[in-house]
Amino acid sequence: MPEAADILLSVEHLTMRFGGLVAVDDLSFAARQGDITALIGPNGAGKTTVFNCITGFYKPSEGRLALRHGEASAWSALETLTAGGKRSRKADGGALFLLERMPDYLVAQQARVARTFQNIRLFPGMTVLENLMVAQHNRLMLASGYTLLGVLGFPSYGAAERAAVERARFWLDRIGLTARADDPAGDLPYGAQRRLEIARAMLTDPVLLCLDEPAAGLNPRESAELNELLLSIRADGLSILLIEHDMSVVMQISDHIVVLDYGVKIADGAPAVVRNDEKVIAAYLGVDDEDVARVAAEVRA
């Protein structure tokens, strides 16, 4: 487990049941500030269920999901927040949020957790630029006094709108889509749509970016472009939590990997450690527990 000073997200004893089915069973891990943390495992391992719990789409059956903003000293208030029954607490130069107590819209707005989905959810009929402006809707509505100042043409709203356009154009340049700013988003190649979706998520000003299989359907060139984009986002200090089946992406860019199998954590560590873990090898090849050592030896032979 990382030192408390490094932790951004702490997942403790997360369990998610659907009737008699236990989709996630007593999962604990921590994601460090400024790291790319990958959550991997075979199909049906429970990865997306974990994401749905973190982002407020599901309310966990058990467990604590804590996220901090600001100074690491904010963690000192975690037990007080838990005992008090509230969703969040400002503390020591930062703030803490208990995500399991928050619906999805508050996880996004207050805890500032942004998410993309396995299936692209752009607005295909809107332009590329308009998709990025939509991401800044809350900020613009606040600047408009919820339409009144905007309708009356107050200078403060005009300044906020120009700033939003500049932020959008910054991200268009960063993802290489400036020349296509006025094209419908649905006309973009698949890889470009993936990058646009990530840029749109970034324009919500997140402290944690959750990506659900961002490399799905990409060719090798597009995967390389995605890797470059994610590494540049990490270099800016943002933390990324990633679900991914493409092991070339995971092993190249991740700082930390958590492996699930049938909802249970079977490995947790650096890529070099996880790559050689016998249980991980066996889980991906679908062998029984008693055959783990034999199959691992055959893979390495």
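**Exercise: accessibility of Tyr-58**

Task: Classify Tyr-58 as buried, partly exposed or exposed, and locate Tyr-58 in the chain.

Solution. The model is predicted: local features require pLDDT of at least 70 and side-chain atom pairs pLDDT 80 or more, whereas totals for chains, interfaces and linings use all residues. Residues are numbered from 1 along each chain as its sequence is written, and side-chain values use heavy atoms, without hydrogens and water.

Step one concerns the class. The relative accessibility of Tyr-58 is 31%, so this residue counts as partly exposed (buried means under 20% relative accessible area, exposed over 50%, partly exposed in between, with a 1.4 Å probe and protein chains only).

Step two concerns the location. Tyr-58 lies in the loop between H1 and E4 (helices, H or I with at least four residues, and strands, E with at least two, are DSSP runs numbered from the N terminus).

**Exercise: the surroundings of Tyr-58**

Task: Identify the nonpolar surface patch that includes Tyr-58, and the contacts of Thr-49.

Solution. Phe-18, Leu-21, Phe-57 and Tyr-58 make a nonpolar surface patch of about 370 Å². Patches join residues with over 30% relative accessible area and no salt bridge, like charges within 9 Å and nonpolar side chains (Val, Leu, Ile, Met, Phe, Trp, Tyr) within 5 Å; areas follow the Shrake-Rupley method with a 1.4 Å probe, and for residues only the protein chains shown count as cover.

Next, consider Thr-49, which is placed in helix H1. With 13% relative accessibility, Thr-49 counts as buried. Residues up to four places away in sequence being left out, Thr-49 touches Met-16, Phe-18, Ala-23, Val-24 and Tyr-58 (contact means heavy atoms within 4.5 Å).

**Exercise: aromatic rings**

Task: State how many aromatic pairs the structure holds, and describe the geometry of the pair formed by Phe-18 and Tyr-58.

Solution. The structure holds 3 aromatic pairs. In one of them, Phe-18 and Tyr-58 are edge-to-face, at 5.4 Å centre to centre and 75° between the planes. (Rings of Phe, Tyr and Trp, the last by its six-membered ring, pair if their centres lie within 6.5 Å; planes under 30 degrees apart count as stacked, over 60 as edge-to-face and the rest as tilted.) This pair links distant parts of the chain: Phe-18 belongs to strand E1 (residues 7-18) and Tyr-58 to the loop between helix H1 (47-54) and strand E4 (62-70), 40 residues apart. Phe-18, with a relative accessible area of 35%, is partly exposed.

Another edge-to-face pair is formed by Phe-170 and Trp-171, with 5.8 Å between centres and 90° between planes. Phe-170 is partly exposed at 46%, whereas Trp-171 is buried at 7%.

The charged end of Arg-121 sits over the ring of Phe-117, 3.8 Å from its centre (the criterion is NZ of Lys or CZ of Arg within 6 Å of the ring centre and within 35 degrees of the ring normal).

**Exercise: salt bridges**

Task: State how many salt bridges are found in the whole structure, and examine the bridge between Asp-212 and Arg-115.

Solution. The search finds 12 salt bridges (a side-chain nitrogen of Lys or Arg within 4 Å of a carboxyl oxygen of Asp or Glu). In the bridge between Asp-212 and Arg-115, the closest N and O atoms are 3.6 Å apart. The partners come from distant parts of the chain, Asp-212 from strand E8 (residues 208-212) and Arg-115 from strand E7 (residues 113-116), 97 residues apart. Asp-212 is buried at 3%, and Arg-115 is buried at 15%.

Glu-225 and Arg-221 provide another case, with the closest N and O atoms 2.9 Å apart. They are 4 residues apart in helix H9 (residues 220-235), so about one helical turn separates them. Glu-225 is partly exposed at 28%, while Arg-221 is exposed at 53%.

Asp-268 and Lys-265 also meet in a salt bridge, at 3.1 Å from N to O. Their relative accessibilities are 35% for Asp-268 and 32% for Lys-265.

**Exercise: Val-134**

Task: Determine which residues Val-134 contacts beyond its neighbours within four places in sequence.

Solution. Val-134 is found in helix H4 (residues 128-134) and is partly exposed, at 33% relative accessibility. Val-134 and Phe-123 are 11 residues apart in sequence, and their C-alpha atoms are 9.4 Å apart in space.
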